[in-house]
Structure formats: structure tokens, C-alpha cells
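Please study the sequence and the model shown below. The exercises that follow are each given with a worked solution.

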Amino acid sequence: TTLTVRKLAKTAHRMAWVDDGGLVVDGTPVFSRKVAHAGYKVSAWSREIFATNSLGETAVVTARNLEARRLVPGSEPREGTKDQMPSAEVLAAIDRQMDAVKDEDFVYYYLCDEPECRGVSPVYLKHLYDHVTARDPYHVIRIGTRAPKSYLDCCDWFETHPYINPQNLPDGRRVYGRPINTVGDFVSEIADLKRPDKVIGFYTSAFAYTYKNPQSDYPTFDEYVTHCWAGLIRGARSLICYAYHDVHDRPSVTEGVRFTFAQVAALEPFLQNGRRTMLEKDADHEKVEYELGGETLAVNVDFKALRVTFEAPAKYATRLPSYEAAKATVDAAERARAQTGSLLFGHWQEVKPFGTGKGISRYKLFDGVRWNYATVVKAKKQNVIGVEFGTFRPTFSSAAVWGDRLQGAKLQVREGEGWKDVAEGTQDGKWCSRFKLPGPISPEAVRITLPRGNVELYELEIFQ
């Protein structure tokens, strides 16, 4: 086999490459810890909170998108599913995008998301990969897929995402769309190939499929931490949680992300460079040992008890975050979420929200999380957000709406035909407008009128 090696000159911008299965940025090995889709469907209040309350991400790892289906809408079903060269139109669009970001500092290009779900041809994607690497050898290329073997030569960095999808069944059982003790198999599929030119990443489940299935739930703190380590001990060299617009929905997820990122940071030398050996493995637990420079780290993942424990050298053990402290933070925050006093809390399946926006997440609008994005309403004249009551028809005497740009809000109710003004909103701090009613009411529907333009909404509450 003849290989051509290019000796690259250093540039004035960020450079990244793969070395022995790990990501290297400007000469420094990096174990990437990121929350996906930062800025997408994230509330202004959340941005303020987490600007000074870091989850522990590696800030240096940033991306630029090169997905052909986004750059040339319609191109993927037209040509991307066929074993062929990309069209001149697609290549030109990619070239324009690369030219637009050539003077920016970033680490990787995102080439394709879940290609297996849409039948994207590995041949087609490999042509795109070759085109990009020929033009720019200074950045790595990443794709997200649950079928890495099919797309092995189409990227430098895989992010596999075997989401666990917890569900609470009517009979009281809690089950998973994918059992936690199986998620590591998706990492092993690549690790077993022993390809030092590939970075293996693990996408974590930091969300709920409630928008598809009302039985779906967010992972508990222990479920989140355990499933992360189920992937890590199989050889994952990056950890990316999905996603920013959900990670702040529940304390279990927020603190689970913060906790596992802190664990990885504390043990990073072993995870990056340690020689990994599986010591024990059965359906209930796995134990892995890492050896580095004469020191060892043992990680035991108990799938039955949902606990992860470590046998680490003292200098590493003292860096690990406290499990008890993290659990206490989660428990306190969860109690606060469930004790807002709103009569709508826990009844999201029994009411029908409506408004001038699209994609109103009713399970987020009544979940006790007052700072996280539920929807945005936008109208040229007047915005509206409201709720129609059915069999659940509460009696209430006050209300509140949480969001951004709530000035001038008014509350109206409907009994029969037509809407009746009941109360004007009083601003309570930056993110809340409250309404005091003349007396208790139990209407067919309630709505709040809001200023025109884009108005973010986080939570709608009514009180006795």
C-alpha cells in the first residue's frame, strides 16, 4: 500500500487532528465535553443563568456546519441516497461555506446527522468527506450516527447516540427504549475495530421523548450518570449531551451533566491515555481497569443499582465531585419545581394550550420550570397564549406568565362566546407578569394577550 503524506505548515487559526483515537487541538489532547445545539430554543433567562453557572464544557471545541441537506435544501433525497458523486451545486455550496469560515477559530466540521435514518449513501458521504479534507486538512470532520460501521470512512470523529428513553408505564413499571446495559455496545462497535485514526464519541440522553410519547420521562440523576459511564468504559473519547434546549428542563439532567463532566475532567488522563482492560462483565455490571504510568483506575458500573464507583489513586480521587452533594442539589431543586403551587402543574395532558406560535410544548409550559424555553409566540399585531379546559376545570383567583417581553400583558377568560378582560399584568421582576383576579373563577378557557413580535414563554401558572 502506498500512502501520500502531506507535511502541513502551521496556520494562524485553530488546528485539530486525531492522534491514537483522541482529539488534539493545537497540539493539546482534548477530551471533549459539550452540550449540543447551544443557542437553539434556549430562553434568554437560561442564557443569563448559565453564563455564570458553567456545566463544565470544553470551550475550545466548536464546530461549523457543512450538512449538504441544509446548504442545498432538497439535495439529500435527490442525490444523497445514491452511490454517486455529489453534484456541482452541492460541492459549490460546501466550498462557499468553507470559504466563509476559513478565518474563524473552530475544531471540526459537522458533515451529516443521522445519515442512516434517511438512507444517505456511504459512497456519497465519502465523496463529501474527501472533498472537504482535500480543501482543508486542518480540521476534523464529525458525523452523528448509530451505524458507524456503515460510515466508517466518512468522518474522523463519530458521535454515536443510543438514547435510553425512560418511560413510565401505566402499570407502574419504568422501562427503557434502550436498556442502559446495552448502550456501550454502540461504542464497542467502533472501538473493537482498533482504528487510531477515529475518535469515538458518545451522545448522552439529556432529554425526554414526551413530545412523541406522554409516557416518556427524563432520566433520573442516577440513570443519567450510569448510562454515560456505560459508554465511557467501552472507549468513548468524547461526551456530548443532547441537548441544550432540554438540559435545563429537570434538575436531574442539569446536575447529571455537570457531575459527569466533572468526573471526566478529574479522570481525563486515564480516559485519554490509559490502557483499558475489561475485568468483569455481565448483564448487571461491568468493571474496567485503566493503567497509566504504573497507576491504575478501576471503574465499576452497576446497571442494577444505577451506581458508578471508582478505585482511583488518591490524587485523582480527591478531584472527583461529591455524589452526595450532587444528589442533595437535585433533590432540593426538584422539590422547588414541584411546589410552585400552580394548579396546572401535573395536568398538562388534561388541558389544551393554544396561541399565535407554533410547536407549543404543553409539557414544558406547565412543568414548574420557570426559566426554560417552552415556546415563542410571534404575531405582527398581538400575541396570544392560552389554555382550554376540559374535564379538568380548576377554580383560580390569580395567574402568572413567565417569559421575556411580557410588558402590557392582559388576562382574558371565555365563558360561551367571546372573550372578557379580567386583569392586567403587573411585572414581577424581569421575567414574570402576574394577574390578580376580582374573585375566584372557573372559565372554559383562559388566555393572555402579549406584545407583538417575538415573545418567549417559559411557564403558565394559575393559583387558588
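**Exercise 1: Helix α6**

The buried residues of α6 pack against β8 (157-160), β11 (199-205), α7 (221-232) and β13 (275-281). The model is predicted, so local features need pLDDT of at least 70 and side-chain atom pairs count only at pLDDT 80 or more, while totals for chains, interfaces and linings use all residues. Residues are numbered from 1 along each chain as its sequence is written, and side-chain values use heavy atoms, with hydrogens and water left out.

Task: State which residues of α6 are buried.

Solution. 
- Step 1. Helices (H or I, at least four residues) and strands (E, at least two) are DSSP runs, numbered from the N terminus.
- Step 2. Buried means under 20% relative accessible area, exposed over 50%, and partly exposed in between (1.4 Å probe, protein chains only).
- Step 3. The buried residues of α6 are Gly184, Phe186, Val187, Ser188, Ile190 and Ala191.
- Step 4. Since 6 of the 8 residues of α6 (residues 184-191) are buried, the helix is largely enclosed by the rest of the structure.

**Exercise 2: Glutamate 223**

Solution. 
- Step 1. Glutamate 223 is placed in helix α7.
- Step 2. Contact means heavy atoms within 4.5 Å. Not counting residues up to four places away in sequence, glutamate 223 touches Ile164, Pro166, Arg174, Tyr176, Ile180, Tyr218 and Leu306.
- Step 3. A polar atom of the side chain of glutamate 223 lies 2.8 Å from the backbone nitrogen of threonine 220.

**Exercise 3: A sheet of strands**

Task: Give the strand order of the open sheet of 5 strands, and explain what stands at its edges.

Solution. 
- Step 1. Two strands pair if DSSP finds at least two bridges between them.
- Step 2. The order is β17-β19-β25-β21-β22, with antiparallel pairing.
- Step 3. At the edges stand β17 (351-355) and β22 (419-424); each has a single partner strand, so one side of each is left without a neighbour in the sheet.
- Step 4. Strand β21 (residues 410-414) pairs with β22 in the antiparallel sense over 5 bridges. Lysine 410 stands opposite glutamate 424 in β22.

**Exercise 4: Helix α11**

Task: Identify the buried residues of α11 and the elements against which they pack.

Solution. 
- Step 1. In α11, the buried residues are Tyr323, Ala326, Val330 and Arg337.
- Step 2. These buried residues pack against α7, α9 (251-273) and β16 (307-311).

How values were computed:
A polar contact is a pair of N or O atoms within 3.5 Å; within protein, one must be able to donate a hydrogen and the other to accept it, and residues adjacent in sequence count only if both atoms are side-chain atoms.
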